Amino acid sequence: RIQAAALRACGLPGTYVALPVAPDRLEAAIAGVRAFRFPGLNVTIPHKHAVIEACSSVSAAVEAIGAANTLVPDGDGGWRADNTDAPGFVRALDDEAPVDLDGRDVLLIGAGGAARAVAFGLRERGARILVANRTPQRAREVGEPVDFDPQAIAAACADAALVVNCTSLGLGGGGVPPELPLEALGPGHVVADVVYSPTGTAWLDAAAARGARTVDGRAMLLHQGAAAFEQWTGRPAPVDAMRGALTAA
């Protein structure tokens, strides 16, 4: 719905459709859409890593994150792989809760693909990345590790300008997951979630009640889509129209 709204707003013909692909058919699927001369593709789980092998080139973001979500024709019959989750998160931050991160600490909860994308985008803003994850080695691969216990996470929050939940914690509803910091948060923090639901998340609601500015995962969804649209079309994304479609959906 978001991309369809963008196409309509720009007066562009075409549509945006979901194409289910079994993992063992990924290479054949990429060859097929190349034959149809599609102007662009999104790629989602479980293909974000495997699709890189089917591309002729990758962006610096894909190299750093190890995953692609956007493909653009390279002009020679192949695909260039990019990852718009990183700029999507940064744009969401600028839109919802602008904050100067140059030389500041950012605490990420989790060390998966979302954390890698967020870390890449925030490093370009000069942030120092701290990562709390159950597996310390994975945390080290993304940033400076923080022990995954409430006291260590709370201490890391003290000097952090931004705290981001990069896990699926809170996605299923219910109360604030105990793994996520809360008492250490206050008016000096921006708090962001990469997960989203129609009613927001309990963690963001609780952080807002403590005075923190919050960024919902829907904003990242919106802006990663806008970044992809711009690559496919060469036009500025009609963000307001896309936001309206997201809200309606």
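Predicted model: local features only at pLDDT ≥ 70, side-chain atom pairs only at ≥ 80, totals over all residues.
A residue is called buried when its relative accessible area is under 20%, exposed when that area is over 50%, and partly exposed in between, with a 1.4 Å probe and protein chains only. Asn69 has a relative accessible area of 4%, so Asn69 is buried.

Good morning. Residues are numbered from 1 along each chain as its sequence is written, and side-chain values use heavy atoms, with hydrogens and water left out.

Let me stay with Asn69. Helices (H or I, at least four residues) and strands (E, at least two) are DSSP runs, numbered from the N terminus. Asn69 is found in the loop between α3 and β3 (70–73). Which residues is Asn69 in contact with, leaving aside its neighbours within four places in sequence? Contact here means heavy atoms within 4.5 Å. The list is Leu41, Asn42, Val43, Lys48, Asp82, Asn83, Thr84, Asp85 and Gln224. With Gln224 there is also a side-chain polar contact of 3.5 Å. A polar contact is a pair of N or O atoms within 3.5 Å; within protein, one must be able to donate a hydrogen and the other to accept it, and residues adjacent in sequence count only if both atoms are side-chain atoms.

Next, Ala81, which has its place in strand β4 (residues 79–82). Its relative accessible area is 0%, so Ala81 is buried. Beyond neighbours within four places in sequence, Ala81 has contacts that include Cys55, Val58, Val62 and Leu71.

I turn now to helix α4 (residues 85–96). Its 12 residues reach 16 Å from the first C-alpha to the last, close to the 16 Å expected at 1.5 Å a residue; the expected span is 1.5 Å times one less than the number of residues. Which residues of α4 are buried? They are Asp85, Ala86, Gly88, Phe89, Val90, Ala92 and Leu93. These buried residues pack against α3 (60–65), α5 (113–123), β8 (160–165), β9 (190–193), β10 (213–215) and α9.

Phe89 leads us to the nonpolar cores. A nonpolar core is a set of buried Ala, Val, Leu, Ile, Met, Phe, Trp, Tyr and Cys residues joined through side-chain atoms within 4.5 Å. The largest has 29 residues, and Phe89, Val106, Leu108, Leu122, Leu162 and Val164 have the most contacts inside it. Two or more residues come from each of α4, β5 (105–109), α5, β6 (128–132), α6 (136–142), β8, β9 and α9. Leu122, for its part, touches residues including Phe89, Val90, Leu93 and Leu162. Another core, of 17 residues, lies apart from the largest one; Leu107, Ala160, Trp203 and Leu204 are among its members.

The search of the whole structure also finds two aromatic pairs. Rings of Phe, Tyr and Trp (its six-membered ring) pair if their centres lie within 6.5 Å; planes under 30 degrees apart count as stacked, over 60 as edge-to-face and the rest as tilted. Tyr16 and Trp232 have ring centres 6.1 Å apart and planes at 35 degrees, so their pair is tilted. This pair links distant parts of the chain, with Tyr16 in the loop between α1 (2–9) and α2 (26–35) and Trp232 in helix α9 (residues 217–233), 216 residues apart. Tyr16 is partly exposed at 39% relative accessibility, whereas Trp232 is buried at 17%. For Phe36 and Phe38, the centres are 6.2 Å apart and the planes at 45 degrees, so this pair is tilted.

Finally, salt bridges. A salt bridge is a side-chain nitrogen of Lys or Arg within 4 Å of a carboxyl oxygen of Asp or Glu. How many salt bridges does this rule give? The count comes to 11. One of them joins Arg125 and Asp94 at 2.6 Å, N to O. Arg125 lies in the loop between α5 and β6 and Asp94 in helix α4, so the pair ties together parts that are 31 residues apart in sequence. Another, at 3.0 Å, joins Asp240 and Arg243. Both of these residues lie in helix α10, three residues apart, about one turn of the helix. Through salt bridges that share partners, Asp95, Asp240 and Arg243 form one network.

Thank you for your attention.
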